[in-house]
Amino acid sequence: MSYDNNNIFAKILRGEIPCFKVYEDDDTLAFMDIMPQADGHALVIPKHPAVTLLELPADKAAKTLQTVQKVMAAQKSELGAKGVVLMQLNGEAAGQTVPHLHFHLIPAHVSELKRHAGEQGDMDKIKALAEKIRAAL
Ligand code: AMP
């Protein structure tokens with residue numbers, strides 16, 4: 001699948017659109033989902049321009065999973081999450097709405113998730129949760 005440089009996460013990576021950042025390094029960025037399926041819903045993305053997991057080189061995949069582990073550990077320690085749902089949609093046919101590869105980290109039981117990309121969350125609450133996660137990273 002060809003990569004669209006104007007997708008919303010590409011704009012976030014270029015700093016053209018704001019986000020509630022929780023972590024960044026040379027290869028990855030982690031920020032809060034603004035339509036959370038549960039409190040503390042975060043996203044981890046590689047900086048590499050991949051639409052789905054199939055386009056991500058293995059070394060970048062390893063870096064991305066390291067960031068997933070860091071953010072998940074912070075969700076557990078800072079938000080008291082007992083469990084975290086890790087979700088990653090590949091292609092529109094799977095329900096992917098943003099065509100830049102991302103991992104969802106949702107601190108909740110899978111049976112309690114709100115609708116995917118359903119409605120905008122409370123921005124003040126999302127900001128406060130981002131600050132808690134960021135503090136641990
Ligand atoms: P997916 O459907 O797996 O591609 O997920 C895309 C996710 O990005 C959804 O959970 C949306 O709530 C989220 N999202 C869309 N726009 C933004 C944005 N500007 N900042 C943060 N999250 C976003």
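A polar contact is taken here as a pair of N or O atoms within 3.5 Å; within protein, one must be able to donate a hydrogen and the other to accept it, and residues adjacent in sequence count only if both atoms are side-chain atoms. The model is a predicted one, in which local features need pLDDT of at least 70 and side-chain atom pairs count only at pLDDT 80 or more, while totals for chains, interfaces and linings use all residues. Residues are numbered from 1 along each chain as its sequence is written, and side-chain values use heavy atoms, with hydrogens and water left out.

| Residue | Protein atom | Distance to a ligand oxygen atom |
|---|---|---|
| Thr-97 | side-chain N or O | 2.7 Å |
| His-102 | polar side-chain atom | 2.8 Å |
| Gly-95 | backbone N or O | 3.3 Å |

Of the 500 Å² of accessible area that the ligand has on its own, the protein covers 94% (Shrake-Rupley method with a 1.4 Å probe). The shell around the ligand holds 18 residues, of which Asp-33, Thr-97, His-102, His-104 and His-116 come nearest (a residue is near if one of its heavy atoms lies within 4 Å). By class, the shell divides into eleven nonpolar residues, six polar and one charged, where Gly counts as polar and Asp, Glu, Lys and Arg count as charged.

The elements that give two or more residues to this shell are α1 (8-13) and β2 (28-32), and α1 supplies the largest share, three residues; helices (H or I, at least four residues) and strands (E, at least two) are DSSP runs numbered from the N terminus.

Strand β2 also runs antiparallel to β1 (residues 21-24), to which three bridges join it, pairing being assigned if DSSP finds at least two bridges. The two strands form a hairpin with three residues between them, and Glu-24 stands opposite Leu-29 in β2.
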